[in-house]
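Work through the exercises below with the sequence and the model at hand, and try each task before reading its solution.

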Amino acid sequence: MDETQLISVSLDSSAVIAFIAYLILIIGIGIYASRFSSRGISEYFIGGRKMNRFVVALSAVVSGRSAWLLLGVTGMAYAQGPSAVWAVLGYIIVEIFLFLYYGRRLRNFTENRNCITIPDFFAERFSDHDGKLRITIVVIFLVFMIGYISSQFVAGGKAFASGFGLGTDTGILLTAGIVLVYTIIGGFLAVSLTDMFQAIFMMLALVILPAVAIMNFGGLQELLNSLTLMDIMYVDPFAVSVGAAIGFLGIGLGSPGNPHILARYMSIDDPKQFKYVAVVGTTWNVLMAWGAVFVGLAGRAYFPDVEMLPGADTENLFPMLAQLHLHPILFGVVLASIFAAIMSTADSQLLVAASSVVRDIYEKIFKRGVEVSQNKLVLYSRVVVFFIVILSLIFGFYAEDLVFWLVLFAWAGLGASIGPTSILALYWKGTTRAGIFAGLITGTLVTIGWYLIPELKGVMYELIPGFFASLLATWLVSLYTEPAPDSKKAFADMFDE
(Lines give C-alpha, C1' and ligand atoms only; values in the text may rest on other atoms or scores of the structure.)
Protein backbone atom coordinates (compact mmCIF):
# COMPACT_ATOMS: atom_id res chain seq x y z
CA MET A 1 0.00 0.00 0.00
CA ASP A 2 1.01 3.64 -0.32
CA GLU A 3 1.65 4.55 3.31
CA THR A 4 2.08 8.22 2.54
CA GLN A 5 -1.53 9.01 1.79
CA LEU A 6 -2.53 12.17 3.65
CA ILE A 7 -4.27 11.50 6.94
CA SER A 8 -6.55 14.40 7.73
CA VAL A 9 -7.06 14.66 11.48
CA SER A 10 -7.28 17.41 14.02
CA LEU A 11 -5.93 17.31 17.56
CA ASP A 12 -6.67 19.04 20.79
CA SER A 13 -4.17 19.53 23.62
CA SER A 14 -5.00 16.22 25.36
CA ALA A 15 -4.24 14.22 22.23
CA VAL A 16 -1.00 16.15 21.71
CA ILE A 17 0.07 15.43 25.31
CA ALA A 18 -0.66 11.71 24.89
CA PHE A 19 1.36 11.63 21.68
CA ILE A 20 4.31 13.52 23.21
CA ALA A 21 4.28 11.09 26.18
CA TYR A 22 4.63 8.25 23.68
CA LEU A 23 7.64 9.92 22.04
CA ILE A 24 9.29 10.51 25.41
CA LEU A 25 8.77 6.83 26.26
CA ILE A 26 10.52 5.46 23.19
CA ILE A 27 13.44 7.91 23.40
CA GLY A 28 13.80 7.06 27.10
CA ILE A 29 14.02 3.38 26.16
CA GLY A 30 16.84 4.20 23.76
CA ILE A 31 18.79 5.92 26.52
CA TYR A 32 18.11 3.03 28.92
CA ALA A 33 19.41 0.47 26.40
CA SER A 34 22.53 2.39 25.39
CA ARG A 35 24.93 0.88 27.94
CA PHE A 36 24.02 -2.72 27.07
CA SER A 37 24.15 -2.12 23.31
CA SER A 38 27.61 -0.55 23.54
CA ARG A 39 29.22 -3.79 24.74
CA GLY A 40 29.71 -5.29 21.30
CA ILE A 41 28.36 -5.85 17.82
CA SER A 42 26.31 -8.90 18.87
CA GLU A 43 24.58 -6.81 21.54
CA TYR A 44 24.03 -3.94 19.12
CA PHE A 45 22.49 -5.98 16.30
CA ILE A 46 20.79 -8.99 17.97
CA GLY A 47 20.69 -8.07 21.66
CA GLY A 48 23.48 -10.49 22.53
CA ARG A 49 20.98 -13.37 22.13
CA LYS A 50 19.56 -12.40 25.52
CA MET A 51 16.12 -11.15 24.56
CA ASN A 52 13.11 -12.12 26.65
CA ARG A 53 10.54 -14.42 25.02
CA PHE A 54 7.65 -11.94 25.39
CA VAL A 55 9.69 -9.13 23.85
CA VAL A 56 10.70 -11.40 20.95
CA ALA A 57 7.09 -12.45 20.33
CA LEU A 58 5.74 -8.90 20.08
CA SER A 59 8.76 -7.47 18.29
CA ALA A 60 8.66 -10.22 15.64
CA VAL A 61 4.98 -9.52 15.03
CA VAL A 62 4.94 -5.73 14.79
CA SER A 63 8.25 -5.29 12.93
CA GLY A 64 6.67 -7.06 9.97
CA ARG A 65 3.38 -5.21 9.88
CA SER A 66 4.22 -1.48 9.39
CA ALA A 67 1.28 0.88 8.83
CA TRP A 68 -0.13 -1.57 6.29
CA LEU A 69 -2.18 -3.29 8.99
CA LEU A 70 -3.59 -0.11 10.55
CA LEU A 71 -4.27 1.81 7.36
CA GLY A 72 -4.21 -0.74 4.54
CA VAL A 73 -6.15 -3.68 5.98
CA THR A 74 -8.75 -1.41 7.61
CA GLY A 75 -9.24 0.30 4.25
CA MET A 76 -9.43 -3.05 2.49
CA ALA A 77 -12.12 -4.29 4.90
CA TYR A 78 -14.02 -1.02 4.35
CA ALA A 79 -13.92 -1.56 0.59
CA GLN A 80 -14.66 -5.30 0.34
CA GLY A 81 -15.87 -6.52 3.72
CA PRO A 82 -14.58 -9.38 5.89
CA SER A 83 -12.97 -11.10 2.89
CA ALA A 84 -10.05 -8.81 3.73
CA VAL A 85 -9.20 -11.36 6.43
CA TRP A 86 -7.58 -13.50 3.71
CA ALA A 87 -4.89 -10.84 3.42
CA VAL A 88 -3.81 -11.44 7.02
CA LEU A 89 -4.48 -15.18 7.25
CA GLY A 90 -1.48 -15.97 5.05
CA TYR A 91 1.16 -14.36 7.25
CA ILE A 92 -0.50 -15.65 10.45
CA ILE A 93 -0.20 -19.25 9.20
CA VAL A 94 3.34 -18.85 7.89
CA GLU A 95 4.54 -17.18 11.09
CA ILE A 96 3.20 -20.07 13.19
CA PHE A 97 5.56 -22.31 11.19
CA LEU A 98 8.39 -19.83 11.68
CA PHE A 99 7.80 -19.63 15.43
CA LEU A 100 7.52 -23.38 16.00
CA TYR A 101 10.11 -24.79 13.60
CA TYR A 102 12.13 -22.44 11.41
CA GLY A 103 13.06 -19.97 14.17
CA ARG A 104 14.48 -22.62 16.50
CA ARG A 105 16.75 -24.11 13.83
CA LEU A 106 17.96 -20.68 12.79
CA ARG A 107 18.59 -19.65 16.42
CA ASN A 108 20.57 -22.81 17.22
CA PHE A 109 22.72 -22.67 14.10
CA THR A 110 23.52 -18.98 14.37
CA GLU A 111 24.60 -19.34 18.00
CA ASN A 112 26.75 -22.41 17.33
CA ARG A 113 28.43 -20.68 14.37
CA ASN A 114 28.53 -17.19 15.94
CA CYS A 115 26.37 -15.68 13.19
CA ILE A 116 25.01 -12.19 13.81
CA THR A 117 23.33 -11.50 10.46
CA ILE A 118 21.41 -13.47 7.83
CA PRO A 119 24.34 -13.17 5.35
CA ASP A 120 26.46 -14.64 8.18
CA PHE A 121 24.09 -17.60 8.30
CA PHE A 122 24.30 -18.27 4.55
CA ALA A 123 28.08 -17.80 4.51
CA GLU A 124 28.56 -20.32 7.33
CA ARG A 125 26.01 -22.79 6.00
CA PHE A 126 27.58 -22.89 2.53
CA SER A 127 31.30 -22.29 3.24
CA ASP A 128 31.34 -18.96 1.43
CA HIS A 129 35.10 -18.45 1.63
CA ASP A 130 35.38 -15.88 -1.18
CA GLY A 131 32.50 -13.75 0.15
CA LYS A 132 30.55 -13.68 -3.12
CA LEU A 133 27.40 -15.16 -1.61
CA ARG A 134 27.59 -12.77 1.32
CA ILE A 135 27.98 -9.77 -1.00
CA THR A 136 25.05 -10.88 -3.21
CA ILE A 137 22.72 -11.07 -0.21
CA VAL A 138 23.92 -7.72 1.14
CA VAL A 139 23.22 -6.05 -2.22
CA ILE A 140 19.68 -7.50 -2.27
CA PHE A 141 19.14 -6.26 1.30
CA LEU A 142 20.37 -2.73 0.65
CA VAL A 143 18.44 -2.30 -2.61
CA PHE A 144 15.14 -3.14 -0.97
CA MET A 145 15.81 -1.77 2.53
CA ILE A 146 16.86 1.78 1.64
CA GLY A 147 13.66 2.35 -0.31
CA TYR A 148 11.56 0.77 2.43
CA ILE A 149 13.14 2.89 5.18
CA SER A 150 12.58 5.99 3.04
CA SER A 151 8.92 5.16 2.63
CA GLN A 152 8.45 4.87 6.40
CA PHE A 153 10.04 8.30 6.90
CA VAL A 154 7.80 9.84 4.24
CA ALA A 155 4.72 8.14 5.74
CA GLY A 156 5.58 9.53 9.17
CA GLY A 157 6.27 12.94 7.67
CA LYS A 158 2.87 13.20 6.03
CA ALA A 159 1.15 11.96 9.17
CA PHE A 160 2.95 14.69 11.13
CA ALA A 161 1.95 17.21 8.49
CA SER A 162 -1.74 16.37 8.58
CA GLY A 163 -1.96 15.78 12.32
CA PHE A 164 0.05 18.74 13.58
CA GLY A 165 -0.12 21.20 10.69
CA LEU A 166 3.61 20.93 10.00
CA GLY A 167 5.20 20.97 6.57
CA THR A 168 5.69 17.52 5.06
CA ASP A 169 9.46 17.95 4.83
CA THR A 170 9.59 18.98 8.49
CA GLY A 171 7.53 15.92 9.39
CA ILE A 172 9.89 13.64 7.47
CA LEU A 173 12.87 15.10 9.33
CA LEU A 174 11.14 14.68 12.68
CA THR A 175 10.23 11.05 11.96
CA ALA A 176 13.77 10.25 10.85
CA GLY A 177 15.21 12.10 13.82
CA ILE A 178 13.10 10.21 16.37
CA VAL A 179 13.94 6.82 14.85
CA LEU A 180 17.61 7.78 14.57
CA VAL A 181 17.94 8.85 18.21
CA TYR A 182 16.73 5.67 19.89
CA THR A 183 18.18 3.32 17.25
CA ILE A 184 21.67 4.83 17.14
CA ILE A 185 21.90 5.00 20.93
CA GLY A 186 20.14 1.83 22.03
CA GLY A 187 20.61 -0.59 19.14
CA PHE A 188 18.64 -3.84 18.98
CA LEU A 189 17.60 -3.79 22.63
CA ALA A 190 16.04 -0.34 22.23
CA VAL A 191 14.39 -1.33 18.96
CA SER A 192 12.93 -4.52 20.45
CA LEU A 193 11.71 -2.87 23.65
CA THR A 194 10.10 -0.01 21.72
CA ASP A 195 8.54 -2.59 19.41
CA MET A 196 7.03 -4.28 22.46
CA PHE A 197 5.45 -1.04 23.69
CA GLN A 198 4.40 -0.15 20.15
CA ALA A 199 2.71 -3.54 19.86
CA ILE A 200 0.74 -2.71 22.97
CA PHE A 201 -0.27 0.68 21.50
CA MET A 202 -1.36 -1.02 18.28
CA MET A 203 -3.31 -3.70 20.15
CA LEU A 204 -5.10 -1.13 22.30
CA ALA A 205 -6.05 0.89 19.25
CA LEU A 206 -7.25 -2.13 17.27
CA VAL A 207 -9.30 -3.58 20.14
CA ILE A 208 -10.74 -0.47 21.77
CA LEU A 209 -11.70 1.44 18.62
CA PRO A 210 -13.88 -1.21 16.91
CA ALA A 211 -15.44 -2.19 20.25
CA VAL A 212 -16.45 1.40 21.01
CA ALA A 213 -17.60 2.08 17.46
CA ILE A 214 -19.75 -1.06 17.35
CA MET A 215 -21.31 -0.35 20.76
CA ASN A 216 -22.11 3.22 19.72
CA PHE A 217 -23.80 1.87 16.60
CA GLY A 218 -26.15 -0.28 18.69
CA GLY A 219 -24.21 -3.53 18.91
CA LEU A 220 -22.73 -6.10 16.55
CA GLN A 221 -26.05 -7.45 15.29
CA GLU A 222 -27.25 -3.98 14.40
CA LEU A 223 -24.00 -3.31 12.57
CA LEU A 224 -24.23 -6.56 10.59
CA ASN A 225 -27.88 -5.88 9.69
CA SER A 226 -26.94 -2.45 8.38
CA LEU A 227 -24.05 -3.86 6.34
CA THR A 228 -26.26 -6.62 4.91
CA LEU A 229 -28.72 -4.03 3.62
CA MET A 230 -25.88 -2.25 1.80
CA ASP A 231 -24.39 -5.38 0.17
CA ILE A 232 -24.09 -9.01 1.24
CA MET A 233 -20.36 -8.94 0.55
CA TYR A 234 -19.90 -6.69 3.62
CA VAL A 235 -20.75 -9.65 5.87
CA ASP A 236 -19.44 -12.55 3.74
CA PRO A 237 -15.76 -13.52 4.28
CA PHE A 238 -15.91 -15.73 1.19
CA ALA A 239 -16.99 -12.96 -1.19
CA VAL A 240 -13.68 -13.14 -3.02
CA SER A 241 -12.44 -15.00 -6.08
CA VAL A 242 -10.17 -18.02 -5.73
CA GLY A 243 -7.33 -16.15 -7.45
CA ALA A 244 -7.67 -13.18 -5.14
CA ALA A 245 -7.78 -15.43 -2.06
CA ILE A 246 -4.61 -17.23 -3.18
CA GLY A 247 -2.97 -13.87 -3.81
CA PHE A 248 -3.91 -12.66 -0.35
CA LEU A 249 -2.69 -15.85 1.31
CA GLY A 250 0.55 -15.52 -0.63
CA ILE A 251 1.40 -12.36 1.29
CA GLY A 252 2.54 -14.62 4.11
CA LEU A 253 5.33 -16.05 1.95
CA GLY A 254 7.23 -12.81 2.53
CA SER A 255 7.76 -13.42 6.25
CA PRO A 256 10.63 -15.97 6.04
CA GLY A 257 12.50 -13.68 3.66
CA ASN A 258 12.43 -10.42 5.58
CA PRO A 259 15.63 -10.22 7.67
CA HIS A 260 14.29 -7.75 10.22
CA ILE A 261 11.79 -10.46 11.27
CA LEU A 262 14.40 -13.24 11.23
CA ALA A 263 16.75 -11.22 13.45
CA ARG A 264 14.14 -11.55 16.23
CA TYR A 265 14.38 -15.34 16.13
CA MET A 266 18.17 -15.13 16.37
CA SER A 267 17.95 -12.86 19.44
CA ILE A 268 15.91 -14.99 21.88
CA ASP A 269 17.74 -16.05 25.04
CA ASP A 270 16.43 -19.63 25.10
CA PRO A 271 15.46 -21.42 21.86
CA LYS A 272 13.26 -23.78 23.85
CA GLN A 273 10.90 -20.85 24.46
CA PHE A 274 9.64 -20.67 20.87
CA LYS A 275 6.40 -22.47 21.75
CA TYR A 276 5.60 -19.64 24.14
CA VAL A 277 6.61 -17.14 21.47
CA ALA A 278 4.28 -18.91 19.01
CA VAL A 279 1.31 -18.67 21.38
CA VAL A 280 1.85 -14.99 22.26
CA GLY A 281 2.83 -13.90 18.75
CA THR A 282 -0.07 -15.71 17.08
CA THR A 283 -2.56 -14.37 19.63
CA TRP A 284 -1.31 -10.85 18.96
CA ASN A 285 -1.44 -11.41 15.19
CA VAL A 286 -5.01 -12.74 15.30
CA LEU A 287 -6.39 -10.04 17.61
CA MET A 288 -4.78 -7.20 15.66
CA ALA A 289 -5.91 -8.67 12.34
CA TRP A 290 -9.55 -9.06 13.37
CA GLY A 291 -9.42 -5.64 15.03
CA ALA A 292 -8.34 -4.13 11.72
CA VAL A 293 -11.11 -5.96 9.85
CA PHE A 294 -13.78 -4.80 12.31
CA VAL A 295 -12.52 -1.21 12.07
CA GLY A 296 -13.16 -1.46 8.34
CA LEU A 297 -16.64 -2.94 8.80
CA ALA A 298 -17.61 -0.35 11.40
CA GLY A 299 -16.24 2.36 9.15
CA ARG A 300 -18.47 1.24 6.27
CA ALA A 301 -21.51 1.54 8.54
CA TYR A 302 -20.57 5.05 9.69
CA PHE A 303 -19.29 6.27 6.31
CA PRO A 304 -21.38 4.44 3.66
CA ASP A 305 -19.93 6.55 0.85
CA VAL A 306 -16.16 6.69 0.38
CA GLU A 307 -16.55 10.39 -0.50
CA MET A 308 -17.28 10.98 3.19
CA LEU A 309 -13.64 10.14 3.97
CA PRO A 310 -10.87 12.76 3.56
CA GLY A 311 -9.63 12.65 0.00
CA ALA A 312 -12.08 9.79 -0.67
CA ASP A 313 -9.22 7.56 0.53
CA THR A 314 -10.06 4.39 2.48
CA GLU A 315 -6.67 4.49 4.20
CA ASN A 316 -7.86 7.56 6.09
CA LEU A 317 -10.64 5.54 7.75
CA PHE A 318 -8.71 4.46 10.86
CA PRO A 319 -7.83 7.93 12.23
CA MET A 320 -11.20 9.38 11.19
CA LEU A 321 -13.20 6.69 13.00
CA ALA A 322 -10.99 7.14 16.06
CA GLN A 323 -11.52 10.89 16.06
CA LEU A 324 -15.28 10.35 15.87
CA HIS A 325 -15.56 7.88 18.78
CA LEU A 326 -12.65 8.19 21.20
CA HIS A 327 -11.72 10.58 23.99
CA PRO A 328 -8.91 12.94 22.88
CA ILE A 329 -6.35 11.09 25.04
CA LEU A 330 -7.31 7.76 23.46
CA PHE A 331 -7.26 9.42 20.08
CA GLY A 332 -3.70 10.50 20.86
CA VAL A 333 -2.94 6.83 21.54
CA VAL A 334 -4.44 5.90 18.16
CA LEU A 335 -2.32 8.48 16.39
CA ALA A 336 0.68 7.15 18.34
CA SER A 337 -0.19 3.64 17.15
CA ILE A 338 0.07 4.78 13.52
CA PHE A 339 3.54 6.19 14.19
CA ALA A 340 4.35 3.06 16.20
CA ALA A 341 3.53 0.89 13.18
CA ILE A 342 5.70 3.05 10.94
CA MET A 343 8.63 3.28 13.35
CA SER A 344 8.63 -0.40 14.37
CA THR A 345 9.36 -1.27 10.75
CA ALA A 346 11.78 1.57 9.99
CA ASP A 347 14.02 0.99 13.02
CA SER A 348 14.22 -2.77 12.39
CA GLN A 349 15.14 -2.34 8.75
CA LEU A 350 17.66 0.32 9.67
CA LEU A 351 19.55 -2.12 11.90
CA VAL A 352 19.49 -4.83 9.23
CA ALA A 353 20.94 -2.47 6.63
CA ALA A 354 23.63 -1.25 9.04
CA SER A 355 24.60 -4.77 10.10
CA SER A 356 25.00 -5.75 6.45
CA VAL A 357 27.54 -2.97 5.95
CA VAL A 358 29.50 -3.25 9.21
CA ARG A 359 29.41 -6.98 9.90
CA ASP A 360 29.19 -8.45 6.40
CA ILE A 361 31.20 -6.02 4.32
CA TYR A 362 33.64 -4.29 6.68
CA GLU A 363 34.42 -6.99 9.26
CA LYS A 364 33.98 -10.16 7.22
CA ILE A 365 35.39 -9.02 3.86
CA PHE A 366 37.56 -5.90 4.21
CA LYS A 367 38.97 -6.94 7.61
CA ARG A 368 38.86 -10.71 7.18
CA GLY A 369 41.40 -12.35 9.45
CA VAL A 370 42.07 -9.09 11.32
CA GLU A 371 40.95 -8.58 14.92
CA VAL A 372 38.72 -5.51 15.18
CA SER A 373 37.73 -4.30 18.66
CA GLN A 374 34.07 -4.52 19.64
CA ASN A 375 34.05 -0.86 20.65
CA LYS A 376 35.20 0.14 17.19
CA LEU A 377 32.59 -2.07 15.51
CA VAL A 378 29.80 -0.58 17.62
CA LEU A 379 31.06 2.93 16.84
CA TYR A 380 31.14 2.17 13.12
CA SER A 381 27.66 0.64 13.38
CA ARG A 382 26.29 3.86 14.84
CA VAL A 383 28.00 5.90 12.15
CA VAL A 384 26.54 3.65 9.44
CA VAL A 385 23.06 3.94 10.97
CA PHE A 386 23.42 7.72 10.76
CA PHE A 387 24.50 7.66 7.11
CA ILE A 388 21.77 5.20 6.11
CA VAL A 389 19.23 7.59 7.62
CA ILE A 390 20.76 10.42 5.58
CA LEU A 391 20.68 8.32 2.41
CA SER A 392 17.08 7.32 3.09
CA LEU A 393 16.14 10.97 3.61
CA ILE A 394 17.72 11.88 0.27
CA PHE A 395 15.58 9.23 -1.40
CA GLY A 396 12.55 10.50 0.46
CA PHE A 397 13.09 14.11 -0.54
CA TYR A 398 14.41 13.84 -4.08
CA ALA A 399 13.49 10.46 -5.52
CA GLU A 400 9.99 9.76 -4.23
CA ASP A 401 8.89 7.89 -7.34
CA LEU A 402 11.90 5.60 -7.14
CA VAL A 403 11.34 5.06 -3.43
CA PHE A 404 7.82 3.77 -3.91
CA TRP A 405 8.80 1.68 -6.90
CA LEU A 406 11.29 -0.05 -4.61
CA VAL A 407 8.74 -0.37 -1.82
CA LEU A 408 6.41 -2.30 -4.11
CA PHE A 409 9.11 -4.98 -4.31
CA ALA A 410 10.52 -4.82 -0.77
CA TRP A 411 8.26 -7.40 0.87
CA ALA A 412 7.83 -9.47 -2.29
CA GLY A 413 11.47 -9.19 -3.43
CA LEU A 414 12.97 -10.20 -0.09
CA GLY A 415 10.32 -12.88 0.41
CA ALA A 416 10.93 -14.43 -3.00
CA SER A 417 14.73 -14.38 -2.80
CA ILE A 418 15.62 -15.00 0.86
CA GLY A 419 12.54 -16.99 1.90
CA PRO A 420 12.83 -20.15 -0.26
CA THR A 421 16.62 -20.28 -0.07
CA SER A 422 16.68 -19.98 3.73
CA ILE A 423 13.99 -22.64 4.14
CA LEU A 424 15.92 -25.11 1.95
CA ALA A 425 19.17 -24.19 3.72
CA LEU A 426 17.57 -25.17 7.02
CA TYR A 427 15.62 -28.23 5.88
CA TRP A 428 17.45 -29.91 2.97
CA LYS A 429 20.99 -31.22 3.30
CA GLY A 430 21.30 -31.36 -0.48
CA THR A 431 21.05 -27.59 -0.89
CA THR A 432 24.21 -26.20 -2.48
CA ARG A 433 25.91 -22.81 -2.69
CA ALA A 434 25.29 -22.70 -6.46
CA GLY A 435 21.63 -23.51 -5.82
CA ILE A 436 21.37 -20.62 -3.37
CA PHE A 437 22.82 -18.23 -5.96
CA ALA A 438 20.27 -19.49 -8.51
CA GLY A 439 17.40 -19.06 -6.06
CA LEU A 440 18.41 -15.55 -4.99
CA ILE A 441 18.73 -14.28 -8.55
CA THR A 442 15.65 -16.11 -9.89
CA GLY A 443 13.40 -14.95 -7.06
CA THR A 444 14.44 -11.33 -7.47
CA LEU A 445 14.14 -11.26 -11.27
CA VAL A 446 10.82 -13.13 -11.47
CA THR A 447 9.27 -10.83 -8.85
CA ILE A 448 10.32 -7.70 -10.72
CA GLY A 449 9.47 -9.09 -14.16
CA TRP A 450 6.05 -10.32 -13.05
CA TYR A 451 5.19 -6.93 -11.62
CA LEU A 452 6.29 -5.07 -14.77
CA ILE A 453 4.15 -7.18 -17.12
CA PRO A 454 0.53 -6.00 -16.67
CA GLU A 455 -0.98 -9.23 -18.06
CA LEU A 456 0.83 -11.25 -15.38
CA LYS A 457 0.40 -8.79 -12.55
CA GLY A 458 -3.36 -8.86 -12.98
CA VAL A 459 -3.40 -12.64 -12.52
CA MET A 460 -1.49 -13.04 -9.24
CA TYR A 461 0.57 -11.17 -6.64
CA GLU A 462 4.20 -11.27 -7.84
CA LEU A 463 5.54 -12.74 -4.60
CA ILE A 464 3.86 -16.09 -5.28
CA PRO A 465 5.47 -16.89 -8.68
CA GLY A 466 8.74 -15.33 -7.47
CA PHE A 467 8.79 -17.52 -4.36
CA PHE A 468 8.08 -20.78 -6.16
CA ALA A 469 10.42 -19.96 -9.07
CA SER A 470 13.20 -19.38 -6.54
CA LEU A 471 12.34 -22.62 -4.74
CA LEU A 472 12.44 -24.55 -8.02
CA ALA A 473 15.69 -22.94 -9.20
CA THR A 474 17.42 -23.65 -5.89
CA TRP A 475 16.28 -27.28 -5.96
CA LEU A 476 17.17 -27.95 -9.61
CA VAL A 477 20.63 -26.40 -9.49
CA SER A 478 21.38 -28.10 -6.17
CA LEU A 479 20.59 -31.49 -7.74
CA TYR A 480 23.48 -31.07 -10.20
CA THR A 481 26.06 -29.34 -8.00
CA GLU A 482 28.08 -30.36 -4.96
CA PRO A 483 26.76 -29.56 -1.47
CA ALA A 484 28.99 -27.89 1.12
CA PRO A 485 31.49 -30.39 2.59
CA ASP A 486 30.23 -29.95 6.16
CA SER A 487 26.48 -30.18 5.50
CA LYS A 488 26.03 -32.97 8.06
CA LYS A 489 27.80 -30.94 10.73
CA ALA A 490 25.78 -27.85 9.74
CA PHE A 491 22.53 -29.76 10.28
CA ALA A 492 23.73 -31.03 13.64
CA ASP A 493 24.29 -27.40 14.66
CA MET A 494 20.61 -26.64 13.99
CA PHE A 495 19.38 -28.80 16.85
CA ASP A 496 19.46 -28.41 20.62
CA GLU A 497 22.41 -30.02 22.35
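**Exercise 1.** Is the crossing of α12 and α13 left-handed or right-handed?

*Solution.* The model is a predicted one, in which local features need pLDDT of at least 70 and side-chain atom pairs count only at pLDDT 80 or more, while totals for chains, interfaces and linings use all residues. Residues are numbered from 1 along each chain as its sequence is written, and side-chain values use heavy atoms, with hydrogens and water left out.

Begin with the geometry: the axes of α12 and helix α13 (residues 317-325) come within 10 Å and cross at roughly 70°, where axes are lines fitted to C-alpha atoms, for helices over the stretch in contact, and angles run from 0 to 180 degrees between N-to-C directions. The two helices, α12 and α13, are therefore roughly perpendicular to each other, the class for 65 to 115 degrees, whereas angles under 35 degrees count as roughly parallel, over 145 as roughly antiparallel and the rest as oblique. The crossing of α12 and α13 is left-handed, that is, the near helix is turned anticlockwise from the far one by less than a right angle.

**Exercise 2.** Classify the orientation of α8 and α13.

*Solution.* The axes of helix α8 (residues 168-217) and α13 come within 10 Å and cross at roughly 60°. Helices α8 and α13 are therefore oblique to each other, and their crossing is left-handed.

**Exercise 3.** Which residue forms a salt bridge with R134, and where do the partners lie?

*Solution.* A salt bridge here is a side-chain nitrogen of Lys or Arg within 4 Å of a carboxyl oxygen of Asp or Glu, and the count comes to twelve salt bridges. D120 is the partner of R134, with their closest N and O atoms 2.7 Å apart. This pair links distant parts of the chain, D120 being in helix α6 and R134 in helix α7 (residues 132-164), 14 residues apart. Both D120 and R134 are buried, a term for under 20% relative accessible area, with exposed meaning over 50% and partly exposed in between (1.4 Å probe, protein chains only).

Next, R359 also forms a salt bridge with D120, at 2.6 Å between the closest N and O atoms. Since R359 lies in helix α14 (residues 328-366) and D120 in helix α6, the pair ties together parts that are 239 residues apart in sequence.

**Exercise 4.** Is V279 buried or exposed?

*Solution.* V279 is found in helix α12 (residues 274-302), and because its relative accessibility is 54%, V279 counts as exposed.

Notes:
Helix = DSSP H or I, 4+ residues; strand = E, 2+ residues; numbered from the N terminus.
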